[in-house]
Amino acid sequence: MASDQKHTGGSLLFAVLQEHGVKHVFGYPGGAIMPIYDALYDSEVEHYLCRHEQGAAFAAVGYARASDKVGVCMATSGPGATNLITGLADALADSIPIVAITGQVPTAAMGSDAFQEIDVFGLSLACTKHSFQVTDINDLASVLHQAFAIALEGRQGPVLVDIPKDIQLAEINCSLDDLSQLPNKVKLPPVDVTNAISLLSKAKKPILYVGGGVGMANAIDELREFCNKTGMPCVSTLKGLGAIDPENENYLGMLGMHGTKASNLAVQESDLLVVVGARFDDRVTGKLDEFAPNAKVIHFDIDTAEINKRRKADAAILGDLKINLPALAIPLSIADWQKRCQQSKADNGWRYDHPGEKIYAPAVLKEISDTMPKNTCVTTDVGQHQMWAAQHMLFNDPSDFLTSGGMGTMGFGLPAAIGAQVSRPTDCVIAVSGDGSFMMNVQELATIKRFQLPVKILLIDNAKLGMVRQWQDLFFNGRLSETDLSDNPDFIMLANAFDIKAKEITKKSEVTAAVAEMLDHDGAYLLKIKIDAEDNVWPLVPPNTANDKMMESI
């Protein structure tokens, strides 16, 4: 047993972080967290100073999603803590393991409306998996261990630990050996697969519907083996992209509001949905009571709360996908159904021969997808560019495509790319953004500059809030309200101000050379492409409409 060592709360925090293998944290200092930042000075943990606390939270999300590790972010009390909230909400919606550390005013001042005091514990309850406030130095190590365990166990998610300033300064004697006693993971009960096997064996038109839970369960190999053994036509949610081998002949693409025609039609006709790590999100189902109306449901999930929440499951398979998927991987006799789905996929090929000389964003994204290095990680913001990236780029793993799914947060892409690049320093990282989203966290260009991160940025500029403009055109009688961004700054000059090489192109003929230049450049690079403000994302399932009634254009 190692001898006791004196720690402050601040130094104890970093000792525990290192016990959990944490090498990088993202944050921004302030008054109530100064003792922690003082302890950071002597720590081996590397800190990345982001230029806004929301940027730090999204960088931690990007880090976690790209690396299969827990992301860690830190902020001071009051506005620093509240600025983390959006990032925590995003992590909760997409089930991302984050540990957020916030400073708090001293315990004696709590409840007195002290300077920069806010009840972040109370505020965070709606957007975290669990929240702690440490009021005794003797509890700090245990709470931090619990935070990591809770973030990772079962359905993953964000955990907040609020630490008052006097607890950060307090001293404690403890043995580092004691810090390795981590909580045991919850053991899940065995699953009865008899009913599910019966449903599978009787199905004539089954569809495998894959969500983000597959990647979080590290069950990619098991899923692909399941695909190969069953031969089942398969579709993916936005967050599930990359889980299915994109070269699988039975893969029909993304389903839902902006899914492929082949995916949506096949799901609507199916007689069995095998749902793996997905939650029947409204952007996937369209009008819920008309979604796959003739299909029975086998639902694989880790979270009991998701079973029967939006669609009744005829067989529920709770627990570890790495164990449960192989148990149901049986050959199916569905040759006619496979052939029909494959033909539908062939008939629904994307067209990239957009008329005229203006740049067509889907064609650019397809070219990047075809030429980028194999292990490239792509992040996106939210809007038309996000859907185009999901539709027209192919990914080999869910950790290669990071986008804000459940929360749909503009400003996600750039800081998430920073986190991804820190976690995967030798891989290519590309942030795909629109001109509206880009301005939401544009200050993180300073983080890229300071740490010389070679993030590539594709900025798709239509001088509009493109997706809002599209909906206003389609569903609000063309009454364009507050979607004009024609007074955007000079993005090339802006990038250059942060010592980032940048280029603008406006013609199709310039695309190939510009994409090659961006991908070949050693450092950070911003490529701005100017597109037609009237370009829309197709297909589109209108709100409260069945998925087989999608609009393909107008």
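**View 1. Strands E18 and E20 run parallel in this predicted model.** Six bridges join strand E18 (residues 456-461) to E20. Ile457 has Leu526 of E20 as its bridge partner. Pairing requires at least two DSSP bridges between two strands. Helices (H or I, at least four residues) and strands (E, at least two) are DSSP runs, numbered from the N terminus. Residues are numbered from 1 along each chain as its sequence is written. Local features need pLDDT of at least 70, side-chain atom pairs count only at pLDDT 80 or more, totals for chains, interfaces and linings use all residues, and side-chain values use heavy atoms, without hydrogens and water.

**View 2. Strand E19 also pairs with E20.** Five bridges link E19 (residues 501-505) to E20 in the parallel sense. E19, helix H22 (residues 511-520) and E20 form a right-handed β-α-β unit. Right-handed means that, with the strands pointing away from the viewer, the path from the first strand over the helix to the second runs clockwise.

**View 3. Strand E20 (residues 525-530) is mostly covered.** Five of its six residues are buried (under 20% relative accessible area, 1.4 Å probe, protein chains only).

**View 4. Helix H1 (residues 9-19) is mostly covered.** Eight of its eleven residues are buried. Among them are Leu12, Leu13, Phe14 and Val16. Just after H1, Gly21 adopts a positive phi of about 80°.

**View 5. The largest nonpolar core holds 86 residues.** Such a core is a set of buried Ala, Val, Leu, Ile, Met, Phe, Trp, Tyr and Cys residues joined through side-chain atoms within 4.5 Å. Leu208, Tyr209, Leu223, Leu273, Val274 and Ile298 touch the most other members. Another core, of 51 residues, lies apart from it and includes Ala57 and Phe412.

Notes
Buried < 20%, exposed > 50% of the residue type's maximum accessible area, 1.4 Å probe, protein only.
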